[in-house]
Amino acid sequence: MHACALTSKSISASIIQGSAVGPVAYVINAKDLVTVAPGNRLCKYADDTYVIVPAANTQTRNAEIDNVEQWATTNNLTLNRAKSVEMIFTERRRGRVSLPPVLPGIKRVTSLKMLGVTMTSHMPASEHVSDVISICAQSIHAVRTLRCHGMSDEALQVIYKAVIIPKLLCASSAWWGFTSAADRQRIEAFVRRGVRSGFYSAYSPTVAELVSDSDDNLFGNVLDNETHVLHKLLPERSTHDYNLRPRSHDRSLNVRNDNKNFLSRMLFKDIY
C-alpha cells in the first residue's frame, strides 16, 4: 500500500448557480451573515436574501447594505446592486409620507415578487391576484389542448386540481388576509369558469374552503412542530384555568387581533 499525502487547495469559484447542492451550499455559506443593527432582520431562503429594516432604524439602511457587500466580498461573492431593489411599506390611509433617500445603485420599487407572491408597498393583494390569474389562464390553454387531443373530462379534472388550483392558491395563507372582497370574487369567478368548462366539479370545495383548510393544516403544523419557522412567533401558552369556549389551541390571546396576519387570524378564528 502506498500512502498518499493530502493537500488542500483554495476554491476560486463561488456557489454554482442552478446546481442541486447550490441552495444548501448557500444556506451553509450564509450562516454568518447577520444584521449590524438591533431590530433589523435578515430573511434568507435558498439564494434569496431580504433585509428588513423597521421605520425606527431607517438610518441603518446604508450600513446594512454595506455589511452585506462586505460579507459577499469576504466569501468570494458579489453583491449586484443593479439586481437589488428596495421597497418601502407604508399605510395607504396615512397619505403622503416623507421617504428616505434612495440607496446608491439600488432601484426603489413599489411592487416586488417575493418567493412567488407579488407584494406591493401598500400591502394590498390585488396585483398578486391579477398575476396569478393571468398565469393560471395560460395553463388553462394547455388543458384545453389536452381536451382537443381526446383526454377525458375526469382526467382533465385531475390535472386541473393538480396544476391550476395549487398554482392559484400558492402561499394563500400569507396573502389571503390582504385581499379585498373584489379580489376574492375575481378568484371565485375564475374557478367558476373552470366549472362551466368541465375542468372543476361543481361539488368540489370553493376557493374560500380550500384556503380555510390550508390555513388549518399550516396552523396545526406550526403548533405541533417546535422547529417550524413560525413556531417562535406564537404567543405564550395561556395560564388561565378556565375556558369560556372550546378553542383549537392553548395560546394566549394577549396579542393584536389582525385578520390580515395569518397567525393572528388563526389564533382568533374560534371566537369570530
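Modeller: Happy to! Phe 268 counts as buried, because its relative accessibility is 6%, under the 20% cut-off for that class. This is a predicted model, so please read each value as computed from predicted coordinates. Phe 268 sits in the segment after α8, the helix of residues 262-267. Setting aside neighbours within four places in sequence, the residues in contact with Phe 268 are Leu 253, Val 255, Arg 256 and Asn 257. Ser 248 lies 20 residues away from Phe 268 along the chain, and their C-alpha atoms are separated by 9.8 Å.

Tyr 45 belongs to strand β1, which covers residues 41-45. With a relative accessibility of 53%, Tyr 45 counts as exposed, since the cut-off for that class is over 50%. Tyr 45 is 18 residues from Val 27 in sequence, and from C-alpha to C-alpha the two are 7.6 Å apart.

Now for a pair of helices. Two packed helices are described by the angle between their axes and the distance between those axes. Here, helix α3 (residues 126-148) and helix α4 (residues 153-168) have axes that come within 10 Å and cross at roughly 165 degrees. That angle makes α3 roughly antiparallel to α4, because angles over 145 degrees count that way. The crossing in which α3 passes α4 is right-handed.

Which residues in α3 and α4 meet? From α3 come Val 132, Ile 133, Ile 135, Cys 136, Ser 139, Ile 140, Val 143, Leu 146 and Arg 147. Their partners in α4 are Asp 153, Leu 156, Ile 159, Tyr 160, Ile 164, Lys 167 and Leu 168. Sorted by type, the residues of this contact are 12 nonpolar, 1 polar and 3 charged.

One of those α3 residues, Cys 136, leads us to the cysteines. A disulfide is a covalent bond between the sulfur atoms of two cysteines. The structure holds 0 disulfides. For Cys 136, the nearest cysteine sulfur is that of Cys 170, 9.9 Å away, whereas a disulfide needs the sulfur atoms within 2.5 Å. Is Cys 136 buried or exposed? Cys 136 is buried, because its relative accessibility is 0%. Cys 148, on the other hand, has a relative accessible area of 69%, so Cys 148 is exposed.

Definitions and conventions:
Residues are numbered from 1 along each chain as its sequence is written. This is a predicted model: local features need pLDDT of at least 70, side-chain atom pairs count only at pLDDT 80 or more; totals for chains, interfaces and linings use all residues. Side-chain values use heavy atoms; hydrogens and water are left out. Axes are lines fitted to C-alpha atoms, for helices over the stretch in contact, and angles run from 0 to 180 degrees between N-to-C directions. Helices (H or I, at least four residues) and strands (E, at least two) are DSSP runs, numbered from the N terminus. Angles under 35 degrees count as roughly parallel, over 145 as roughly antiparallel, 65 to 115 as roughly perpendicular and the rest as oblique. A crossing is left-handed if the near helix is turned anticlockwise from the far one by less than a right angle, and right-handed if clockwise. Contact means heavy atoms within 4.5 Å. Ala, Val, Leu, Ile, Met, Phe, Trp, Tyr, Cys and Pro count as nonpolar, Asp, Glu, Lys and Arg as charged, and the others, Gly among them, as polar. Buried means under 20% relative accessible area, exposed over 50%, partly exposed in between (1.4 Å probe, protein chains only).
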